Structure formats: structure tokens, C-alpha cells
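Try each task on your own before you look at the solution.

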Amino acid sequence: MRNIEGMLSAHFPSAARRLVRGGSRRLRDHRSAAARRRRVTRGELHWRIKISSPEGPTGDRWGDTAFADDLAAALRDLGQVVAVDRLGAADRPGRDVDDVTLVLRGLHKIAPVEGSLNYLWVISHPDEVEDSELRDGWRRVFAASTSWARAREHGVEPLLQATSTSRFSVERSDGDIEEDVLFVGTSRGVVRPVVRDAIDAGARLAVYGHDWERFISPDYVRADHLDFASVPGAYRASRLVLNDHWADMRANGFLSNRLFDATAVGALVISDDVEGIDEIFGGLVRTYRDQDELRRLLFDAEGWPEPAERREVAQRIRTDHSFAARARALLASALKDLRQR
């Protein structure tokens, strides 16, 4: 081999360089494949989670960011190595060592990564997802809606949103924020129906979120932001928590992350109606269709579950719909798929 390389170097230097580069690349690929096989054997994979949140303080407030961070923590608890890429970090060096690339599909379309096991998890904005995207190089596609997943033609698997049981504890704390009727979220540039309806119904409403002053009286706005660490306590201590969905999520059965978080601490929630709410959340979440129904939910304690039932439902949510449960399901799928390779 050295004689051949020497002859090539003397007479065909560019060919010699290509030979050396090719040999180095094959050796590197061989080592990378061997390392991946060892990781699969041990069940300790390298994951990269890609999300639609932008970099910087604005992205810090996105729900996608908290979702990815909680999922990454749950995977790390299972012995996985996990990195989270926000939007624009798709070409970060080192991506070729990732065993699994998991795209959390929100507002933005993100392409799969060549050489990685690619999973797509549609967690919101289903109207933005075309059927052609579901065929675009994904080994598996998951969706946070049972009905939407079953209606697709390309083998989409239901995988609902979840809650972090380490952050959303049922134990009360002295620092919990106590409100009568609580809403946590931005205005999204509109008068969100559940907030408008609650005000019209005469609720003693407290809103935490930005861009509300141009839509509702400042008397209702407590702060333009409630940090993630304070949200669980506010849900625990408030009498009622309000929830709503984007129109396309409501129409397609995508249950919001807020529902899982609030019910995990045993909160009582009023929401717009989405398919599957009653089956999953029991009596902790009640829905309304008109102002009369909303007033009854706001001011009449009849029909809400007793403390023992609240604890029972909360425990079921924490067991069945935690990020730990989702991480276990994703890891089992990844190990199966990589071993089949």
C-alpha cells in the first residue's frame, strides 16, 4: 500500500491525496459506527432535540423551550446524552455523532439530519404540517393528538404532550401565588376567547403574560411574565385555572401542555372543548360552550371533584403523562430501530 501511495504521490499527487482522504474518512466512519453499536448495546444514546424557539431571551419564554428542556432532563435520567438546538442551530458541528435527532414540530419546519435516526414529533400547529413533510426522511412520526395521528395516511403514532413531575409537584409551598381565577399566557396578538369570556362573566381574573394591556383593563394584568419556576405554585394555589387552544389544535385534538401541567398538581381547570379532554383529565378539567355554562363553572362549586378524587386524577396524570413516561417510550423506539439497522 505504501508503494502504491508513493508512486501516486510522485506521479499523481491529487490522486494520492484523494486516496488518503478516502481512507481516513472510511476509518472515521468505521470508528463512528463501532462507537454507535457500543452505545446501542449499552442503551446510552446521543440525542439532539431541535425546536422552533429562537435564541435569546425571547426564546426563553417559549413553551417549546420548556417542553424540550423537560424532555431532555427525562432522557438524561435514563442515561442518555442530550443536546437541545434552537432554531438556526441546525448546522452546529458534531451533529454526525448523534444517534437520534428528534424534531419537535411547532411553528417551523426543520429538516431531518443525514446519518441520524430521525424522529418527528408534531406537538402544535398541525395545519402547518403537510402530508409530504411526514414522508420526508423520518423513521417515525409522532403526534400529540390521537385523532390527528389516526387520520394521517403515513403511520403517525400518537404521543401526547406531558408534564414534568419534578417541577409540577402537588406539595404546597409558602411562596405559591394564590389567585381566584388564573390565566398564564401571552395575548398572541388577539383577545383570547377564554380571557374575554371570563371577564364578561365577572370573574376575579388575574392574568400573567405580555401584550395584554391593549386588549383588557390593566386591572386584570398582574405581570407581563411568570417565570417557569413560579408557574406550578400558581396552579396549585389558585382556585381555578383557565386554558384555551389555538383553533387548529382544538379542531385536531391537540391537548395543550397547560392541561397536563395544571392537572399534575391537582388544579381545577376551565377550558374550551377538545376531543379527549374528559377521558384523560376526568373531572379536573371542565369545558364550556357558552356564557351560561362558564358562569356556572366559575361560581358554582357543584360538580367539581372532591379533594380525594383530585389527588387520584393528579397521580394518574403524573404516572401516565409525565415526561419520564414519554422519554421511556422514545428510548424504547430508538433502541429498537437502531438495533434493526
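Predicted model: local features only at pLDDT ≥ 70, side-chain atom pairs only at ≥ 80, totals over all residues.

**Exercise 1.** Decide which residues of H10 are buried.

Solution. Start with the cut-off: a residue is buried if its relative accessible area is under 20%. In H10, Arg258, Leu259, Phe260, Asp261, Ala262, Thr263 and Ala264 are buried. Seven of the eight residues of this helix are therefore buried, so H10 is largely enclosed by the rest of the structure.

**Exercise 2.** Describe how H10 packs against H13.

Solution. First, look at the geometry: H10 (residues 257-264) and H13 (residues 307-320) have axes 8 Å apart and an angle of about 125°. Next, name the arrangement: the two helices are therefore oblique to each other. The crossing of H10 past H13 is left-handed. Then find the contact: H10 brings Phe260, Thr263 and Ala264, while H13 brings Ala314, Ile317 and Arg318. Sorted by class, this contact has four nonpolar, one polar and one charged residues.

**Exercise 3.** Work through the packing of H4 and H14 in the same way.

Solution. The axes of H4 (residues 63-77) and H14 (residues 323-340) come within 8 Å and cross at roughly 65°. Angles of 65 to 115 degrees count as roughly perpendicular, so H4 is roughly perpendicular to H14. Here the crossing is right-handed. On the H4 side you will find Phe67, Asp70, Leu71, Ala74 and Leu75, and they meet Phe323, Ala324, Ala327 and Leu330 of H14. The classes in this contact are eight nonpolar, no polar and one charged residues.

**Exercise 4.** Now try H7 and H12: at what angle do they cross, and which residues touch?

Solution. H7 (residues 193-200) and H12 (residues 291-299) cross at roughly 75°, and their axes come within 10 Å. They are therefore roughly perpendicular to each other. H7 contributes Asp197, Ala198 and Asp200; H12 contributes Gln291, Leu294, Arg295 and Leu298. Count by class and you get three nonpolar, one polar and three charged residues.

**Exercise 5.** How many residues does the largest nonpolar core have?

Solution. The largest nonpolar core has 49 residues, and Val195, Tyr235, Ile270 and Phe281 have the most contacts inside it. Take Val195 as an example: leaving out residues up to four places away in sequence, Val195 touches Phe183, Leu205, Val207, Trp212 and Ile216. A second, separate core has 44 residues, including Ile123, Val141, Ala143 and Leu335. In soluble globular proteins, nonpolar side chains tend to be buried together.

Terms used: Residues numbered from 1 in each chain as written. Heavy atoms only, no water. Axes fitted to C-alpha atoms, helices over the stretch in contact; angles between N-to-C directions. Helix = DSSP H or I, 4+ residues; strand = E, 2+ residues; numbered from the N terminus. Parallel < 35°, antiparallel > 145°, perpendicular 65-115°, else oblique. Left-handed = near helix turned anticlockwise from the far one by under 90°. Contact = heavy atoms within 4.5 Å. Nonpolar A, V, L, I, M, F, W, Y, C, P; charged D, E, K, R; others polar. Buried < 20%, exposed > 50% of the residue type's maximum accessible area, 1.4 Å probe, protein only. Core = buried A, V, L, I, M, F, W, Y, C linked by side-chain atoms within 4.5 Å.
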